[in-house]
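This briefing is meant to be read alongside the sequence and the three-dimensional view. Please keep both open while going through the points below.

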Amino acid sequence: MRIPAHSVCTAIRADIISGVLPRGSRLTEEQLARRYGVSRVPVREALRTLESEGFVTSRRHVGACVAEPTEQEAADLLEMRTLLEPLGAARAAQRRTDAHLKVLRGLVRLGQERARRGQGEDLRSLGAWFHETLAQASASPGLTALLAQLRHKIAWMYAIEEPVQPTEVWTEHGAIVDAVARGDAERARALTAQHVERWRGAHRLRRSDRVRGLQHPVNTAGARN
């Protein structure tokens, strides 16, 4: 049975994000095919997709390698998120379905419950699920795909500190869902912008896995999420 390229792509991307495949490391089709138990064809297709997403780069005389983003590129990701997530929330207020709303409200209830209990690992996955569902509720495939790429790349480049008061995060999520439920696009946009901006400071560039510096250092403290 032929393994779909998107499954191989997901596996390679996950290993890049986790650091199993370090930045700058060479990626050969033969080694990756052996690692994931597939032929070289889906690996080749996956590498092309990952290169278009910015996780992989091709070097002359070397071939495919895990990309080494600059600090400026990392800071730009947070800036793009501050622009795109509020747009997604505004569109969700206009286009969401009852099914989207049901899932979002369920996630908020679970998040608030886990936050009160201090279950941090659950909160991380629930938060990712919340933002993914909010993006899907925008009914804009292009925007949803961009936001998914941003989340993946931010997780790759940044370590995210746990909030001191996780209940505040889920209170904000709940307010966003209320605005979406009312169809109040401007309120949903404003609340999401405030939410993203407030938590930008929880992001810290990963240093154990190389991020190339610039001739003129970038103040990433100003690029908060």
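Is Asp184 buried, partly exposed or exposed? The model is a predicted one, and in it Asp184 has a relative accessibility of 30%, which lies between the 20% limit for buried and the 50% limit for exposed, so this residue counts as partly exposed.

**Asp184 and its surroundings**
- Asp184 is found in the loop that lies between helix H8 (166–182) and helix H9 (185–198).
- When neighbours within four places in sequence are left aside, the residues in contact with Asp184 are Ala93 and Ala179.
- Ala89 is 95 residues away from Asp184 in sequence, yet the C-alpha atoms of these two residues are 9.8 Å apart in space.

**Nonpolar cores**
- The largest nonpolar core has 30 residues, and those with the most contacts inside it are Ile12, Ile16, Leu27 and Val56.
- Two or more residues of this core are given by each of helix H1 (5–18), helix H2 (29–36), helix H3 (40–53), strand E2 (63–66), helix H4 (71–95) and helix H7 (141–157), and the largest share, 6 residues, comes from H7.
- Ile16, once its neighbours within four places in sequence are set aside, is in contact with Leu21, Phe55, Val56, Val66 and Trp156.

**Packing of H1 against H2**
- The axes of H1 and H2 come within 11 Å and cross at roughly 100°; this angle falls in the range of 65 to 115 degrees, and the two helices are therefore roughly perpendicular to each other.
- On the H1 side the contact is made by Ala11, Ile12 and Asp15, which meet Leu32, Arg35 and Tyr36 in H2.

**The buried side of H2**
- Glu29, Leu32 and Ala33 are the buried residues of H2, and because they cover an arc of only 100° around the axis, they sit on the same side of this helix.
- An α-helix has 3.6 residues a turn, so residues three or four places apart point the same way.
- Among the elements that cover the buried residues of H2 are H1 and H3.
- Just after H2, Gly37 takes a positive phi of about 70°.

Definitions and conventions: Residues are numbered from 1 along each chain as its sequence is written. This is a predicted model: local features need pLDDT of at least 70, side-chain atom pairs count only at pLDDT 80 or more; totals for chains, interfaces and linings use all residues. Side-chain values use heavy atoms; hydrogens and water are left out. A nonpolar core is a set of buried Ala, Val, Leu, Ile, Met, Phe, Trp, Tyr and Cys residues joined through side-chain atoms within 4.5 Å. Buried means under 20% relative accessible area, exposed over 50%, partly exposed in between (1.4 Å probe, protein chains only). Helices (H or I, at least four residues) and strands (E, at least two) are DSSP runs, numbered from the N terminus. Contact means heavy atoms within 4.5 Å. Axes are lines fitted to C-alpha atoms, for helices over the stretch in contact, and angles run from 0 to 180 degrees between N-to-C directions. Angles under 35 degrees count as roughly parallel, over 145 as roughly antiparallel, 65 to 115 as roughly perpendicular and the rest as oblique. The arc is that of the directions from the helix axis to the C-beta atoms.
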